[in-house]
Amino acid sequence: MTTTTRSSYYSAGEHPHPEYELNRLREQALVFWPKELRNLQRLGLRPDMDVLDAGSGPGFITEQLLQNVPEGSVTGLELDTGLFEQSRSYLASYEGPRLNLVRGSITDAPLPDARFDLALARLVLQHIAEPAQALSELGRVLRPGGRLVVADADDALWGSIHPDIPGLAEVMELRRRHQAQRGGNRYVGRAVPAMMRAAGFTDITVEAIAVTSDELGMAALAGHLDVRARTALMVKEGVISEELVARTESEVTAFLDDPVSSFMLLMFLYSGTKPAGEPR
Ligand SMILES: C[S@@+](CC[C@H](N)C(=O)[O-])C[C@H]1O[C@@H](n2cnc3c(N)ncnc32)[C@H](O)[C@@H]1O
C-alpha cells in the first residue's frame, strides 16, 4: 500500500467480528440519516443531482442517497476491496445507469474532473493520513458551484453519557492512539474548515448533528457501547488490556440497566462550495 492509499479503517478480514462492525456501520448510518438528509437538502441536495459518496464502505449511505436523487445518480468510491464487493452485492437491486461503484482512493480518485454536483465524504477523513489531499481531489471532481459535505467527528466533542461509564474515557484514549498509529486522526473535525478553505472552497458552514437515546431509544445506539466487539482488534494487537475491557463491559451493563441512563453521539457536517467559473 502506498501512502496515498493508507487507511486506519479495518481492511478486509481484519476485524475479528466483521458482522458486528457491519451492523455498527448500518446502525450509525440509519440513526444519523434523517437529520443528515435534512441538512444535505438545506445545503442543496436535489433529486436530479449527480452525487459522489466518497469512502462508501458497505453502501448503506449510498443506498440512502440513491433514494433521494431519483432523477440523478450516485457514485460510490471505496478503497477496500472487501467492502467494495460487499457494496456491490448489497446494492445489486439498484444496478443500472443511476449507480456507479468505483474502487479507488479519495486521495487519488479514478474519476473525471467536474463530474459531480455534490460530494459527501462521511466518516472517511478521520481514517486517512492525507485529508488535505482528499479535499483537493474532491474539489477537482466537483462541478463549479458544486457542494462538498464532510460528515465527521471530533473526539473532544464525541457526545455525552449519563451516568458516567468510568472506564470509557481510557478505552477511547487508547482507541484514539491506535487509530493515530494506523494513520488516522479522531480529532480531524476541528481541522476540516481550514483545510477546505485551503483547498479553494468558499461558503464554509458547520452544523452539529446529535442522536440521543432519549429520542431514539437506547437499543438504537447500544451497539456503539459494545466495548468487547469494538476493541477486539486492539485486544488482539495487545494495545488494550483484557482487564480494562472486562471492567468497562460490566460498567456498560450497569449503565444499560439504569432507568435514567442517557447517551448522545455527535457528528459534524462541514460544507463548502467550489467557486463557479474558476478553473482548478
Ligand atoms: C467508517 S467507514 C464509513 C463508511 C460510510 N461512509 C458510512 O458512513 O457508513 C470508512 C470507510 O472509508 C473507507 N476509506 C478509508 N480510506 C479511504 C480512501 N483513501 N479512499 C476511499 N475510501 C477510503 C474505508 O474503507 C471505509 O469503507
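Q: Before we start, what should I know about the numbering and the kind of model?
A: Residues are numbered from 1 along each chain as its sequence is written, and side-chain values use heavy atoms, with hydrogens and water left out. As this is a predicted model, local features need pLDDT of at least 70 and side-chain atom pairs count only at pLDDT 80 or more, while totals for chains, interfaces and linings use all residues.

Q: OK, how many residues surround the ligand, and which are the closest?
A: The ligand is surrounded by 18 residues, the closest being Gly-55, Glu-78, Ser-105, Ile-106 and Arg-122; a residue counts here if one of its heavy atoms lies within 4 Å of the ligand.

Q: And how does that shell divide by class?
A: It has nine nonpolar, six polar and three charged residues, where Ala, Val, Leu, Ile, Met, Phe, Trp, Tyr, Cys and Pro count as nonpolar, Asp, Glu, Lys and Arg as charged, and the others, Gly among them, as polar.

Q: Which polar atom of Glu-78 lies by the ligand, side chain or backbone?
A: A polar side-chain atom of Glu-78 lies 2.5 Å from an oxygen atom of the ligand, whereas for Leu-79 a polar backbone atom is 3.4 Å from a ligand nitrogen. Taken alone the ligand exposes 590 Å², of which the protein buries 98% (accessible areas by the Shrake-Rupley method with a 1.4 Å probe; for residues, only the protein chains shown count as cover).

Q: Switching topic, at what angle do helix 1 and helix 2 pack?
A: Helix 1 (residues 18-42) and helix 2 (residues 60-68) pack at about 30 degrees, with their axes 9 Å apart. Helices (H or I, at least four residues) and strands (E, at least two) are DSSP runs numbered from the N terminus; axes are lines fitted to C-alpha atoms, for helices over the stretch in contact, and angles run from 0 to 180 degrees between N-to-C directions.

Q: Where is the cis peptide bond?
A: The bond from His-162 to Pro-163 is cis, with omega near -5 degrees, and Pro-163 is found in the loop between strand 6 (159-162) and helix 5 (168-181).

Q: Last one: what does the Glu-14 side chain make a polar contact with?
A: Glu-14, in the segment before helix 1, makes a side-chain polar contact with the side chain of Arg-182 at 2.8 Å. A polar contact is a pair of N or O atoms within 3.5 Å; within protein, one must be able to donate a hydrogen and the other to accept it, and residues adjacent in sequence count only if both atoms are side-chain atoms.
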